[in-house]
Amino acid sequence: MSESRICCPCLYRCIFEYETPRSVIIRSRKVGSFNRFIQLAILGYIIGWVLVWQKGYQEFDSIISSVTTKVKGIAVTNDSHLGFRVWDVADYVIPPQEELSFFVMTNLIMTRDQIQAQCPEVPDDSSKCTSDSNCTAGFSDVHSSGIQTGRCVNFNETVRTCEVQAWCPLEINGVNDSEPALLKAADNFTVLIKNNIRYPKFNFNKRNILPNISSTYLKTCIFNRQTDPYCPIFRLGDIVHEAGEDFQKMAVEGGVMGIQIRWDCDLDKSDSKCVPTYTFRRLDNKNPNNNVAPGYNFRFAKYYKTPDGVESRTLIKAYGIRFDVMVFGRAGKFNIIPTLINVGSGLALLGLATVLCDCIVLYCMKKRNFYREKKYKFVDDFDLGPGEFPFDMER
């Protein structure tokens, strides 16, 4: 028999075979119990997880949000460097407005009456010298306070450093961690956070100053998770405390706090049920084993002209706490399309019970050969004509 005559029946079978499901009822406690268990588990998944917990009957929209803040508070200081001084919001909120954040200065190093002149560099490994030969005129690097003049001068009675052309006198850096922050009263400052949200798909708008909040209430309330959970005015000390931090310690070198506002709204319910929840956490790294460059600080200057026309400035290195306001949320509303998709997808999973039971019956049970004979049946319905190839070559 030639090779072509052997291959042709196999090709004939592949082309003209047709499979149709066959229902076989198996009365078995083990298989029947397993089948019902799988079906109940799938139904529980569809109803409990997909529809109830995940709200699979709803369509969802992401939040669009805007945030504005207003800080209030007065502090009084009286020390040897700055003397007696009253601080208001224009002094310690820098800059006056930021996008989704605000900064409150709690500590500072102030260097007054700086002018363009020559003065000894602050001592470090690269600026210390013993003679002019150790200094290079015109040299500077990223850590320098100015440009070297090439002279070695006395910084104090025991240390000599290279002279620089810079804003003099230079800032003497460093904050004593054991001292309280200059504006230690900042923990009693308050901030009003106004948050407007929108879900464009549902044309839904709301703000965190809820409809039941009156002007009188807003003037007296302070956020408290138990008594006033929807008051939009927060005490800075309470924000830091709820994050598990010590405000007075954090105020010395500064840090970054996060104010998280979450709007999770079920728009199938009343609009009054759509309310914000507030949580707080510290965002910057606070690791005692990795305390390099801790806190948060920056410099800025205020410029003046002396009576004789010389430009001068006051340099301020500000330490403080930056509060980042982060808004999250999702809204859902009933829609027939996701409902049908999720229910249909879930019901299709019911076929998984049949597949698993077939695997057990046909491959795991002792009577698997008997069940296999009942499960599958082969029917040949071909009229053999002259020259046609039968499936059974020995027929």
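**Exercise 1.** Determine whether Tyr92 is buried or exposed in this predicted model.

*Solution.* Buried means under 20% relative accessible area, exposed over 50%, and partly exposed in between (1.4 Å probe, protein chains only). Tyr92 has a relative accessibility of 0%, so Tyr92 counts as buried. Residues are numbered from 1 along each chain as its sequence is written. In this predicted model, local features need pLDDT of at least 70, side-chain atom pairs count only at pLDDT 80 or more, totals for chains, interfaces and linings use all residues, and side-chain values use heavy atoms, with hydrogens and water left out.

**Exercise 2.** Classify the aromatic pair of Tyr92 and Phe189, and locate both residues.

*Solution.* Rings of Phe, Tyr and Trp (its six-membered ring) pair if their centres lie within 6.5 Å; planes under 30 degrees apart count as stacked, over 60 as edge-to-face and the rest as tilted. The whole structure holds 14 aromatic pairs. Tyr92 belongs to helix H3 (residues 89–92), and Phe189 to the loop between strands E7 (160–168) and E8 (190–199), 97 residues apart. Helices (H or I, at least four residues) and strands (E, at least two) are DSSP runs, numbered from the N terminus. Phe189 is also buried, at 1% relative accessible area.

**Exercise 3.** Classify the pair of Phe223 and Phe234.

*Solution.* The ring centres lie 5.0 Å apart with the planes at 35°, so the pair is tilted. Phe223 is in the loop between helix H4 (215–220) and strand E10 (233–235), and Phe234 is in strand E10, so the pair ties together parts 11 residues apart in sequence. Both Phe223 and Phe234 are buried.
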